[in-house]
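Open the model in your viewer and show it as a cartoon.

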Amino acid sequence: MTEVWYVAVDAVPAGLAALLDDRDRERLNRLARQRDRARSLAAWTLARLVLARWLQRPPERLAFDRTCRHCGAGHGKPVADPMVDFSVSHTGDLAVVAVSEHTVGVDAEDTTAGRTPVTWALSEPERAQCRDYASFARVWTRKEAVLKALGRGVTVRPADVVTSGTTLLSLPPGLGDPRDFTLHDLLFPTPYVGTVAVRGNPGQVTVRHGSTLIDAHRLR
């Protein structure tokens, strides 16, 4: 089973920062812009609430291991429990969390955030698909979701992750078989689009609004 939860950034009150641990709050405070802090707060609050639901633990007692499985440094994909994988994204006024029993990555983008496709991020076949920024944003979410699932992020050249629709065609050497991944395009409120990438068979992919989780803790 794979779930994707989303919430408007402004729907997450600042008081829910009490659910974060000291390390989370330190990372939050290092962000220079207030809007970036609000996005990060929304995403990580939602992540804690969703994971608490899956793991049956209090959200404020979750601890994240950020050890990179590739180099051993402390910038790796966060892990709350070895039996559950999750991924976080935020853009504009939207925060998104994906959680799964399988390796998962999620990305969301604002289709109005640019004017023209970012061609250096695309393979030659993908450039032919991207006639405007909105179509580029959709392709970009597919690539980024895969990179987040792999825990590689900016260490991999995006143009080397090649897609055709929701089919992953190729990955750079050493990153596995592209046939192992399933991509699902996600529908969010306009102007946002997203993709979730799952290694293996994700079963049913369910998209849920996170307002019920936020409201339940807002009232406590």
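Helices (H or I, at least four residues) and strands (E, at least two) are DSSP runs, numbered from the N terminus. This is a predicted model, where local features need pLDDT of at least 70, side-chain atom pairs count only at pLDDT 80 or more, and totals for chains, interfaces and linings use all residues. Residues are numbered from 1 along each chain as its sequence is written, and side-chain values use heavy atoms, with hydrogens and water left out.

Now trace the chain. The order is β-α-α-β-β-β-α-α-β-β-β-β-β-α.

Switch to the C-alpha trace. Along the principal axes, the trace spans about 50 × 35 × 35 Å. Next, colour by burial. Buried residues (under 20% relative accessible area, 1.4 Å probe, protein chains only) make up 51% of the 220 residues.

Select residues 22–29, helix H1, and residues 34–55, helix H2. Their axes (lines fitted to C-alpha atoms over the stretch in contact, with angles from 0 to 180 degrees between N-to-C directions) come within 9 Å and cross at roughly 155 degrees. That makes H1 roughly antiparallel to H2, the term for angles over 145 degrees.

Show side chains here. In H1, pick Asp24, Arg27, Leu28 and Asn29. They meet Arg37, Ser40, Leu41, Trp44 and Arg48 in H2, where contact means heavy atoms within 4.5 Å. What classes of residue make up this contact of H1 with H2? Three are nonpolar, two polar and four charged.

Technical notes
Parallel < 35°, antiparallel > 145°, perpendicular 65-115°, else oblique. Nonpolar A, V, L, I, M, F, W, Y, C, P; charged D, E, K, R; others polar. Buried < 20%, exposed > 50% of the residue type's maximum accessible area, 1.4 Å probe, protein only.
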